[in-house]
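Here is a short briefing to read alongside the structure. Have the view open and follow the topics in turn.

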Amino acid sequence: LMNAAVAQGVRPAQIAQHCDSVSLCFSKGLGAPCGAVLAGCREFVTEAWWVRKLLGGGMRQAGVLAAAAHLGLQHAEETLSRDHGNARRFAEGIHALDSPLCSINPAAVETNIVMITVQGAWPSPAELCDRLRAVSEEEVAETGQAVSVLLLPWSARTVRAVWHRNVSARDTELARRKLEFVARKCQE
């Protein structure tokens, strides 16, 4: 919700007005250690509260976590805009590689999520993710750095990359270089 609102330049309420209920997680992008909020009609929220208690949910000292969520909300536009920019720069960098291994449509990157299409029969998205995560002696010798990139195989031909507040512009550039290195090694 927050990423969509920032990307569209609207208040979250403008998007949420079309929903019966909304759940908002405060971690990752907003930077709170944990926590979420649920909104909807009184009956829905009352039932959700009862089910949460039934399943053992509940927290003591939640005010400290609420303070972290509040801080995250205060800086959401700045933080999420930075994440969106990093995702766009990554997509543009991969697009500029013009690699036969993978492709990206930079125009499709609207928020902090980048979908990479893996082309050809090899490697599969899972194999590509394994190679991006692994660090080889050859990589360190060639690049002078040991970089491990965690991406998710999303479908039969797609890999998903997601940015959050703990992924910097430098991390983004290192991830792009790692994908470039892996693509080159796969072609060899």
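Predicted model: local features only at pLDDT ≥ 70, side-chain atom pairs only at ≥ 80, totals over all residues.

- Glutamate 142 pairs with arginine 184 in a salt bridge, and their closest N and O atoms are 2.9 Å apart.
- This pair connects distant parts of the chain, with glutamate 142 in helix α7 and arginine 184 in helix α8, 42 residues apart.
- Arginine 184 is partly exposed, at a relative accessible area of 35%.
- Glu138, Glu142, Arg184, Lys185 and Glu188 belong to one network, joined by salt bridges that share partners.
- Within that group, glutamate 138 and lysine 185 form a salt bridge, with 2.7 Å between the closest N and O atoms.
- Glutamate 138 sits in helix α7 (residues 137-143) and lysine 185 in helix α8, so this contact ties together parts that are 47 residues apart in sequence.
- Is lysine 185 buried or exposed? Lysine 185 is buried, because its relative accessible area of 18% is under the 20% cut-off.
- Glutamate 138, in turn, counts as partly exposed at 43% relative accessibility.

- Across the whole structure, a search finds nine salt bridges.
- One of them brings together the side chains of aspartate 130 and arginine 133, at 2.5 Å from N to O.
- Both residues belong to helix α6 (residues 125-133), where aspartate 130 and arginine 133 are three residues apart, about one turn of the helix.
- Aspartate 130 is partly exposed at 43% relative accessibility, and arginine 133 is partly exposed at 39%.

**Overall layout**

- The protein chain has eight helices and six strands, in the sequence pattern α-α-β-β-α-α-α-β-β-α-α-β-β-α.
- Taken along the principal axes, the C-alpha atoms fill a box of roughly 60 × 30 × 30 Å.
- Of the 188 residues in the chain, 33% are buried.

**Strands and their pairing**

- An open sheet is built from four strands in the order β3-β4-β6-β5, with antiparallel pairing.
- Its edge strands, β3 (102-103) and β5 (152-155), each pair on one side only.
- Five bridges link β4 (residues 113-118) to β6 in the antiparallel sense, and threonine 117 stands opposite threonine 158 in β6.
- Strands β1 and β2 (residues 36-39) run antiparallel and are joined by four bridges.
- Cysteine 25 has alanine 36 in β2 as its bridge partner.
- On β1 (residues 22-25), Val22 and Leu24 make up the covered face, while Ser23 and Cys25 make up the uncovered one.

**The largest pocket**

- The largest pocket has a volume of about 700 Å³.
- It is lined by 32 residues, and those closest to its centre are Lys28, Asn112, Val162, Trp163 and His164.
- At least two lining residues come from each of α1 (2-8), β1, α5 (76-97), β6 (158-162) and α8 (169-187).
- Helix α8 gives the largest share of that lining, with four residues.

**A nonpolar surface patch**

- Trp49, Trp50, Val51, Leu54 and Leu55 form a nonpolar patch on the surface, and together they have about 590 Å² of accessible area.
- Tryptophan 50 is located in helix α3 (residues 42-54).
- Tryptophan 50 counts as exposed because its relative accessible area of 51% is over the 50% limit.

Terms used: Residues numbered from 1 in each chain as written. Heavy atoms only, no water. Patch = residues over 30% accessible without salt bridge, like charges linked within 9 Å, V, L, I, M, F, W, Y side chains within 5 Å. Areas by Shrake-Rupley, 256 points an atom, 1.4 Å probe, with all protein chains shown as cover. Salt bridge = Lys/Arg side-chain N within 4 Å of Asp/Glu carboxyl O. Buried < 20%, exposed > 50% of the residue type's maximum accessible area, 1.4 Å probe, protein only. Pairing = 2+ DSSP bridges. 1 Å grid on protein atoms, 1.4 Å probe; cavity = no way out; pocket = protein on both sides within 12 Å on 5 of 7 lines; lining within 4 Å. Points joined across faces, edges and corners; volume = space filled by probe spheres on them.
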